[in-house]
Amino acid sequence: SDHSVTINGSEWYDHAARRGGNAISFVQKYLHMSFPDAMKVLLEEDYPLIEPSEKEVKPFALPEASADMRRVFAYLTKTRGIDGEIVSTFAHEGLIYEDAKYHNAVFVGKDERGAARHAHVRSTNTKGRTFRINIEGSDAAYSFHRIGTNGNLCVFEAPIDLLSYISLYPQN
């Protein structure tokens, strides 16, 4: 799944589910074990590793593009304050577009040959809950990115954070 789980010492937190706990509750939840079985796993040093079950992976496919990207352009420039020239550059490179069905922003990650391998979708809603998801079948090794010229590696939590950074520091 797309859950982001943080582990710190013997504590864990699932950001998508907004819950966490200790090592015992982690084993109970993610290995689907009872409390006694979870204790046994944690106390036995030679407990055999449990392989995750094989899950059918859907083939990667980009959402259908809208005929224009007025809503996405307006959202990124007016609501989020991203420089319009930067949005246009990414759009012309096929890295940002508006999906036809819901008018969400689609951020595309491409491989070395220029083939789309990853897509992150974000709603352009300014009211209510925000929708964000990676398209099924996306290869996280090719997430939305930009190769700069200054030799630094910058890591961002979300595509809009990368665009904001470039808007603030276009020379880099």
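**Strands, burial and rings**

Author: In strand 3, the bridge partner of Asp14 is Arg19. The model is a predicted one, in which local features need pLDDT of at least 70 and side-chain atom pairs count only at pLDDT 80 or more, while totals for chains, interfaces and linings use all residues. Residues are numbered from 1 along each chain as its sequence is written, and side-chain values use heavy atoms, with hydrogens and water left out.

Reader: Which sense does the pairing of strand 1 and strand 2 have?

Author: Strand 1 (residues 5–8) pairs with strand 2 in the antiparallel sense, over 4 bridges. Val5 has Asp14 of strand 2 as its bridge partner. The hairpin of strand 1 and strand 2 has 2 residues between the strands, and Gly9 there takes a positive phi near 65°.

Reader: Which residues make up the covered face of strand 2?

Author: Trp12 and Asp14 form the covered face of strand 2 (residues 11–14), whereas Glu11 and Tyr13 form the uncovered one. In a regular strand the side chains alternate between the two faces of the sheet.

Reader: Why is Trp12 called buried?

Author: Buried means under 20% relative accessible area, exposed over 50%, and partly exposed in between (1.4 Å probe, protein chains only). Trp12 has a relative accessible area of 5%, so Trp12 counts as buried. Phe26, at 26% relative accessibility, is therefore partly exposed.

Reader: Why is the pair of Trp12 and Phe26 called edge-to-face?

Author: Rings of Phe, Tyr and Trp (its six-membered ring) pair if their centres lie within 6.5 Å; planes under 30 degrees apart count as stacked, over 60 as edge-to-face and the rest as tilted. By this rule the count comes to 7 aromatic pairs. The ring centres of Trp12 and Phe26 are 5.8 Å apart and their planes stand at 70°, so this pair is edge-to-face. Because Trp12 lies in strand 2 and Phe26 in helix 1 (residues 23–30), the pair ties together parts that are 14 residues apart in sequence. Trp12, Phe26 and Tyr30 form one aromatic cluster.

Reader: How do you know that Lys29 lies over the face of Tyr30?

Author: A charge sits over a ring if NZ of Lys or CZ of Arg is within 6 Å of the ring centre and within 35 degrees of the ring normal. Lys29 is at 5.4 Å from the ring centre of Tyr30 and lies over its face. The charged end of Arg146 likewise sits over the ring of Phe90, 4.7 Å from its centre.

Reader: Why is Ser123 called buried?

Author: Ser123 has a relative accessible area of 3%, so Ser123 is buried. Ser123 is found in the loop between strand 6 (116–122) and strand 7 (132–134). Not counting residues up to four places away in sequence, Ser123 touches Tyr75, Asn104, Thr130 and Phe131, where contact means heavy atoms within 4.5 Å.

Definitions and conventions
Pairing = 2+ DSSP bridges.
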